[in-house]
Amino acid sequence: MSASPAGLVIAVDGPAASGKGTLARRLSAHYGLPYLDTGLLYRMVARAMLEAGHDIRDAAAAGEIVSRFDQGAFDEDTLRGREIGEAASVVAAMPAVRSGLIERQRRFAGQPGGAVLDGRDIGTVICPQARAKLFVTATPEVRAARRHKELAGRGEEATFDNILADIRRRDARDSGRSDAPLKAADDAVILDTSALTIEEALAAAIAIVDRRRSAQPERILTER
Ligand SMILES: Nc1ncnc2c1ncn2[C@@H]1O[C@H](COP(=O)(O)OP(=O)(O)OP(=O)(O)O)[C@@H](O)[C@H]1O
Ligand SMILES: Nc1ccn([C@@H]2O[C@H](COP(=O)(O)O)[C@@H](O)[C@H]2O)c(=O)n1
């Protein structure tokens with residue numbers, strides 16, 4: 001079952017460190033909608049795998065963890081590190097992990113007024129009927145520079161080159177998997193933020209969403 005198209009559902013997808021979370025959070029504030037960072041779900045599964053001492057490639061163990069997954073309270077900061085991001089992209093390629101997380105994402109998106117979700121497959125798999133879909137991107141070098149600055153600010157040491165290598169590896173894994181690969185939905189608008197400040201990117205994103213809100217449904221597919 002897909003998320004209800006009754007409310008304003010905004011799907012924000014894109015590769016690592018493209019700025020989609022920043023935009024999704026600000027869009028949620030702008031439109032007064034609840035926000036779900038779906039990457040955190042995969043990061044929680046990855047952390048549970050690592051904490052339990054499982055090999056991160058053990059699909060049976062990951063499936064078992066997802067089957068009794070309880071989001072509960074979590075400390076977002078501890079989930080944001082490099083190691084967990086890398087491990088999350090490994091478990092995210094496992095069909096049992098993806099299918100185990102679909103319903104809770106669709107329930108979130110199905111709230112009466114709508115919702116904003118960001119991830120890799122929101123517009124393609126989780127909410128194919130979302131009214132507004134953005135695919136946020138930036139060059140790998142720009143994304144690595146942003147992540148480098150962010151991690152340095154949190155005291156996590158990593159060189160720019162290592163972060164760029166992480167990003168390239170994660171992009172390849174996320175785009176190359178067979179189940180729900182990272183890609184823009186046919187009716188998504190691509191927003192390249194490489195040369196945009198956060199404020200400029202937000203203004204562009206709001207303009208896209210407002211256009212989609214007022215568009216006739218049959219015109220949306222031909223707009224891109
Ligand atoms: N347009 C922009 N200009 C400069 N910095 C930006 C811009 N957009 C986002 N950032 C910064 O880049 C970093 C990554 O952004 P963000 O966390 O939103 O990316 P993301 O796509 O959600 O990443 P991930 O998928 O890894 O969670 C953050 O530190 C954020 O403040
Ligand atoms: N809808 C999604 C969201 C995330 N993933 C995977 O999780 C990894 C971590 O996500 P972040 O957004 O927090 O960086 C990411 O690399 C993906 O592998 C996903 O598959 N689908």
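Six bridges tie strand S1 (residues 8–13) to strand S3 (residues 114–119), and the two run parallel. Strands such as these are DSSP runs of E with at least two residues, helices are runs of H or I with at least four, and both are numbered from the N terminus. Two strands pair if DSSP finds at least two bridges between them. This is a predicted model, in which local features need pLDDT of at least 70 and side-chain atom pairs count only at pLDDT 80 or more, while totals for chains, interfaces and linings use all residues. Residues are numbered from 1 along each chain as its sequence is written, and chains are lettered from A and ligands numbered from 1 in the order in which they are written.

**The sheet**

S1 and S3 belong to an open sheet of five strands, with the order S2-S3-S1-S4-S5 and parallel pairing. Its edges are strand S2 (35–37) and strand S5 (189–192), each of which pairs on one side only. On average, neighbouring strands are turned by 20° against each other, direction ignored; the axes behind such angles are lines fitted to C-alpha atoms, for helices over the stretch in contact, and angles run from 0 to 180 degrees between N-to-C directions.

S3 also has three bridges to S2, and those two strands run parallel as well. Here are some of the partners in S3.

| Residue | Partner in S3 |
|---|---|
| Val9 | Ala115 |
| Leu36 | Leu117 |

**A strand enclosed**

Six of the six residues of S3 are buried, so this strand is largely enclosed by the rest of the structure. Buried means that 20 or more other C-beta atoms lie within 10 Å of a residue's own, exposed means 12 or fewer, and partly exposed is in between, with C-beta atoms placed from the backbone. In a regular strand the side chains alternate between the two faces of the sheet. In S3, Gly114, Val116 and Asp118 point one way, and Ala115, Leu117 and Gly119 the other way.

**The cores**

A nonpolar core is a set of buried Ala, Val, Leu, Ile, Met, Phe, Trp, Tyr and Cys residues joined through C-beta atoms within 7 Å. The largest one here has 31 residues, and Ile10, Val12, Leu117, Leu134 and Ala205 have the most contacts inside it. Its largest share, five residues, comes from H10. A second, separate core of 19 residues includes Leu41, Ala87, Val91 and Leu101.

Helix H10 (residues 198–214) lies across S1, strand S4 (132–137) and S5, at about 155° to S4. Leu202 lies in this helix and is buried, with 20 other C-beta atoms within 10 Å. Leaving out residues up to four places away in sequence, Leu202 touches Leu23 and Arg26; contact requires C-beta atoms, placed from the backbone, within 7 Å. Leu202 and His30 are 172 residues apart in sequence, yet 9.7 Å apart in space, C-alpha to C-alpha.

**Around the ligands**

Ligand 1 is surrounded by 17 residues, the closest being Gly19, Gly21, Thr22, Arg146 and Glu150. A residue counts as near if its C-beta atom, placed from the backbone, lies within 6 Å of the molecule. Helix H1 (20–31), helix H8 (140–153) and H10 each give two or more residues to this shell.

Ligand 2 has 14 residues around it, with Gly39, Tyr42, Ser89, Ala92 and Gly119 nearest. Here the elements giving two or more residues are helix H2 (39–51), helix H5 (82–91) and helix H9 (160–176).

Notes:
Contact = placed C-beta atoms within 7 Å.
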